[in-house]
Amino acid sequence: MKYIHLLIIIITLLLSCNKNDDSDKPLYSSLDEEISVMAKQYVKVGAMVGVIDKNQNKHVLSYGTKSKYSTELPDANTVFDIGSITKTFTAILATNMILKGRLANDKIQHYLPENEVTMPRFDGVEITINHLLTHMSGLPRTPHVEDSTFPRPQEYDSENPYAAYTTEDIYNYLTNYCSLKFKPGTFWEYSNTGFGLLGHTLGLIDGTSYETILKRDIFDVLGMNNSSLFLTEQQQLNKASGHNSNKDIVPFYTANDIFQGAGMIKSSLHDMFKYLEANMGLSDNPLLEAMEKTHKQTPGINTGSLGYIGLAWFIIELDDGQDIIYSGGDTNGHSVYMAFNPSTSTGAIILMNASYHDNTNLNFGHALMMAINKY
């Protein structure tokens with residue numbers, strides 16, 4: 001009887017070990033297969049997905065179509081709106097200027113024309129460059145949504161909500177209408193207004209424009225030849241048409257200089273791989289020091305579900321325990337994601353030509369980063 005009990009214990013232990021071994025194995029035969037299963041859940045119209053795995057191999061996957069009226073799949077050169085991932089470019093440009101001694105963490109008013117704009121204050125506290133970089137300025141997310149007293153431009157279009165605002169409009173808003181939501185530096189709240197103003201200010205410091213320094217200091221340096229703020233004739237030939245929540249085709253976002261730094265870049269998976277690799281330190285580039293500074297966590301600021309904030313980037317611990325640095329964007333027609341894990345040198349890019357406005361891009365992206373970690 002004693003031997004029977006011993007046999008039962010041994011069999012139970014063996015079954016338990018086998019169960020644990022199976023649970024540690026991926027459910028799918030390959031990473032690409034798992035990504036394709038996720039894509040069926042998340043992709044509404046079309047998407048390009050790019051991955052850098054643990055061996056630094058690149059995976060390029062295409063799903064759906066370029067538009068609901070097309071049967072053509074997107075490819076690595078198909079152009080998408082990248083929305084608020086633009087902010088990471090703006091933060092790198094600002095940090096690069098700081099490293100070169102052309103910009104300091106000074107009051108933003110110092111860099112603006114005083115006879116044209118007066119920045120709002122809260123209890124006498126003024127907004128600094130760092131407040132803009134960390135979304136701690138107290139400026140509203142967008143003037144047209146959060147301040148009903150400020151008259152919208154006559155040409156305002158809800159499908160392309162930033163296009164009509166001129167520099168004069170926003171100077172007028174900041175001087176005569178804007179009330180800060182809190183004392184700068186005391187809270188965190190996402191602000192397109194703040195990053196648009198930051199990009200504009202960088203152009204003023206340079207004596208050119210945000211578009212000029214973006215192309216000169218990042219696109220040209222990294223060889224991102226298929227990236228721009230406005231669709232070129234060549235990009236029009238291979239673009240992923242944007243679709244709103246009803247799957248109606250909507251225009252790409254555009255803006256004048258005053259809002260470009262907040263979210264107006266158009267790019268392709270091929271170009272975004274170059275940007276991702278540069279941020280991961282996998283390619284030699286003169287921007288690496290500036291990039292790495294934007295990845296650093298700002299002490300004491302936790303945004304909640306988004307994680308901690310760097311300079312435009314977010315830092316979060318995923319459910320599988322890995323720490324990643326990420327950014328996402330959601331325009332009226334496109335939804336995108338980019339992330340990387342510095343400790344494993346893995347990364348991911350998702351470009352989708354439909355809007356969600358419900359964190360679908362982040363859910364898909366974080367799930368993708370966890371999938372990469374299994375293989």
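In the predicted model, helix 11 comprises 12 residues (residues 269-280) and spans 16 Å from its first C-alpha to its last, close to the 16 Å expected at 1.5 Å a residue. Of the 12 residues of this helix, 10 are buried, so helix 11 is largely enclosed by the rest of the structure. The buried set consists of Leu269, Asp271, Met272, Phe273, Tyr275, Leu276, Glu277, Ala278, Asn279 and Met280, and it therefore includes the charged residues Asp271 and Glu277, given that Asp and Glu are counted as charged. Just after helix 11, glycine 281 adopts a positive phi of about 75°.

Helix 7 contributes Gly199, Leu202, Gly203 and Asp206 to the contact, while helix 8 contributes Tyr210, Ile213 and Arg216. Classified by residue type, the contact of helix 7 with helix 8 holds 3 nonpolar, 2 polar and 2 charged residues.

The strands considered here belong to an open sheet of 7 strands, arranged in the order 2-1-11-10-9-8-7 with antiparallel pairing. Strand 2 (58-64) and strand 7 (308-309) form the edges, each of them pairing on one side only. Within this sheet, strand 8 (residues 314-317) is paired with strand 9 (residues 323-330) in the antiparallel sense over 4 bridges, and isoleucine 316 stands opposite isoleucine 324 in strand 9. Helix 13 (residues 360-372) lies across strand 1 (46-52), strand 8, strand 9, strand 10 (335-341) and strand 11 (346-352), and runs at about 150° to strand 11.

Positive phi values also occur in residues other than glycine. Serine 345, situated in the loop between strand 10 and strand 11, has a phi near 55°; with a relative accessible area of 23%, serine 345 is partly exposed, since that class lies between the limits of 20% and 50%. Aspartate 123, which is likewise not a glycine, has a positive phi of about 50° and is placed in the loop between helix 3 (86-99) and helix 4 (129-133). The relative accessibility of aspartate 123 is 65%, so that this residue counts as exposed.

Terms used: Residues numbered from 1 in each chain as written. Predicted model: local features only at pLDDT ≥ 70, side-chain atom pairs only at ≥ 80, totals over all residues. Heavy atoms only, no water. Contact = heavy atoms within 4.5 Å. Helix = DSSP H or I, 4+ residues; strand = E, 2+ residues; numbered from the N terminus. Expected span 1.5 Å × (residues − 1). Buried < 20%, exposed > 50% of the residue type's maximum accessible area, 1.4 Å probe, protein only. Pairing = 2+ DSSP bridges. Axes fitted to C-alpha atoms, helices over the stretch in contact; angles between N-to-C directions.
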